[in-house]
Amino acid sequence: MAIVFTILGLVGGLVLFLYGMDLMGDSLKKLAGGKLESILARLTSNRFLGFLLGFLVTAVIQSSSATTVMLVGFVNSGIMTLSQTIAIIMGANIGTTVTAWLLSTNDIGGGAVQGAADILQFFKPSSFTPVLALIGFLLIAMAKSDNKKNTGSILLGFAILMFGMDMMSDAMGGLKDNTAFTGMLTMFENPIMGILVGTIFTVIIQSSSASIGVLQALAMTPGIHLSYATAIPVILGQNIGTTVTPIISSLSGNLESKRVAMSCLYIKMIGVAVVTAGFYGLDAVIGFDFMTKNIGAVGIAFVHTLFNIISTVILIPFCSLFEKLAVKTVRSRKEEKQADIFAVLDDRFLAMPGFAVEKSKELVDDMLCLSRESFKKAVLLLDNYDPDIFAEVQEIEGAIDKYEDKIGTYLIKIAETPLSTNDSKTVSELLHCIGDIERISDHALNIAEATKEIHDKKINFSEKALEDIRVITAAVSEILELSIISLTEGSIEKAAMIEPLEQVIDRLKRKIKTGHIDRLRQGDCTVEMGFVLSDLLTNYERIADHCSNIAVCMIEINNDTFETHEYLSQVKSGEGTDFVEMYEAYKQKYALKQ
């Protein structure tokens with residue numbers, strides 16, 4: 001029965017440990033706001049810069065597996081190349097050892113004399129984690145700032161992690177008198193057996209940091225004697241086992257992402273093989289005295305770090321060889337197509353919502369620029385109809401429909417993840433905007449179809465009608481430009497300039513229609529021409545309306561409200577805005593000639 005309680009205690013401690021790690025890592029990523037991922041995504045081919053960034057990013061997010069999965073997603077999406085990832089992986093391998101040093105603080109004062117041990121005991125995490133947990137809870141419950149809430153989650157995650165560590169150590173105390181268990185530890189002194197056990201255990205829990213933590217908890221358990229000879233092979237195996245996470249992640253990816261995962265495996269396996277051969281070869285010749293001595297949590301952190309540093313120093317000059325090895329191993333019978341523009345909407349990035357939001361925003365910006373391009377091409381057809389340009393407008397409209405579908409589906413997935421306040425606002429803004437952007441391209445196609453009708457029916461507008469169309473075309477072109485600048489740059493000032501121009505465009509539409517009626521009475525225009533002109537003007541007005549919707553959405557979400565009608569009423573009445581002044585300026589700029 002004692003062994004059952006021991007196993008339950010171990011499992012419970014491990015669950016708390018893993019939850020604490022996830023909470024701390026997720027909160028650190030939120031605090032970074034997608035900046036870490038963006039830095040890596042914009043990386044150059046400099047291997048030493050890659051190594052440094054791999055180390056720093058992994059040290060912050062506390063997981064080499066998370067970093068390598070990130071790299072798999074980058075390569076799968078075409079953001080990075082295989083060659084850029086090799087040095088980053090090596091940096092990540094050293095960065096992940098920071099967690100082991102953090103956990104080793106639980107062993108402070110273990111070997112000190114009584115007086116010093118009492119002083120050092122105060123600095124052990126177990127002495128102050130309850131305080132950290134309380135501070136973390138208060139920040140989460142009471143703070144209004146996202147950054148403060150995330151800081152609270154980091155503190156609470158650290159406290160839970162350390163509590164899980166203590167729980168595992170306490171549970172393992174019941175194994176100190178178990179001869180089968182102590183005999184099994186001796187069996188791990190065989191390098192092959194120890195490496196195999198370390199690998200399998202890490203594969204099961206998919207975290208080298210967690211498996212190292214379990215080993216450190218075992219080393220800190222009173223009455224259990226864990227020697228260097230037992231721990232070293234297990235640590236080496238744990239380093240191999242951590243590669244299972246990127247391998248699993250790459251299964252749904254393209255050829256290049258699978259090669260990234262294989263390069264992770266090769267770096268670890270060859271590193272372990274080289275270090276094992278060198279270390280045990282020297283041990284056979286020299287005979288290391290420390291091998292029979294007990295290892296503590298600090299010793300485990302040191303061995304873990306030393307292995308990764310030595311293997312990286314040995315292997316980093318051969319980055320290109322690892323790339324070639326991965327390419328030769330993971331072959332394709334025929335060349336895969338280059339990743340399409342929507343490959344960045346990768347489900348792997350949902351684990352890093354800040355980055356996923358940024359990539360979605362970039363695609364929405366592209367979508368709006370495409371809509372503007374569609375409008376520009378459509379109005380060109382008024383002066384010189386070209387069936388090839390008409391076909392391009394149709395093609396763009398189809399592409400934008402695809403943008404709306406892909407981005408909308410992905411944004412809904414992002415909305416279901418834990419988001420910071422800023423990211424949540426951005427997701428809401430994008431979800432509201434993509435429908436309006438898609439409608440802009442629809443109206444651009446309608447304009448193109450109207451020009452086709454003009455061409456096919458050989459309709460000729462009067463010179464005055466053409467002048468009027470040029471004026472409203474210029475106004476709609478400007479409102480589209482303002483929409484692009486306001487959305488891409490997040491400029492609320494530019495967004496505030498859109499509504500006055502939209503009102504001027506409405507006014508232009510009415511005046512142009514009135515002018516047509518006057519010309520119709522005078523016999524200068526025909527009824528058929530009037531139908532086409534009305535169709536054109538309606539589409540111009542609708543494009544301006546959708547630009548207005550985008551601007552209002554940005555302003556209202558920025559103000560934490562979404563009362564569109566109330567906002568527009570305030571704007572048009574001039575409450576707290578320069579609406580009247582801007583309206584008059586636009587009215588003068590786009591005045592119709594008499």
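Predicted model: local features only at pLDDT ≥ 70, side-chain atom pairs only at ≥ 80, totals over all residues.
Helix H6 (residues 97-104) buries Thr97, Thr99, Ala100, Leu103 and Ser104. The buried residues of H6 lie within an arc of 150 degrees when seen down its axis, so they too line one face of the helix.

## Nonpolar cores

The largest nonpolar core has 102 residues, and Phe375, Ile407 and Tyr540 touch the most other members. Helix H24 (residues 527-558) supplies the largest share of this core, 14 residues. Beyond its neighbours within four places in sequence, Tyr540 is in contact with Phe375, Val379, Leu382, Ile447, Ile469, Ile472, Thr473, Val476 and Ile505. A second core, separate and made of 28 residues, includes Ile195, Phe279, Tyr280 and Met291.

## Salt bridges

There are 16 salt bridges in the structure. One of them joins the side chains of Glu481 and Arg372, at 3.0 Å from N to O. This pair links distant parts of the chain, with Glu481 in helix H21 (residues 463-489) and Arg372 in helix H18 (residues 353-383), 109 residues apart. Glu481 is partly exposed, at a relative accessible area of 29%.

Arg439 and Asp442 also form a salt bridge, their closest N and O atoms being 2.8 Å apart. Both belong to helix H20 (residues 421-456), where, being three residues apart, they are separated by about one helical turn. Arg439 counts as partly exposed at 35% relative accessibility, whereas Asp442 counts as buried at 15%. A further salt bridge brings together the side chains of Arg470 and Glu463 (3.8 Å, N to O). Arg470 has a relative accessible area of 44% and is partly exposed; Glu463, with 48%, is partly exposed as well.

## Confidence

The mean pLDDT of the chain is 81, and 82% of the residues score at least 70. Among the elements, helix H19 (residues 387-415) has the highest mean pLDDT (94) and helix H7 (residues 114-121) the lowest (44).

Over residues 110-120 pLDDT stays under 50, and the model has five contacts beyond four places in sequence for this stretch. Residues 335-339 likewise stay under 50, with five such contacts.

Technical notes
Residues numbered from 1 in each chain as written. Heavy atoms only, no water. pLDDT = per-residue confidence, 0-100. Helix = DSSP H or I, 4+ residues; strand = E, 2+ residues; numbered from the N terminus. Contact = heavy atoms within 4.5 Å. Buried < 20%, exposed > 50% of the residue type's maximum accessible area, 1.4 Å probe, protein only. Arc of directions from axis to C-beta. Core = buried A, V, L, I, M, F, W, Y, C linked by side-chain atoms within 4.5 Å. Salt bridge = Lys/Arg side-chain N within 4 Å of Asp/Glu carboxyl O.
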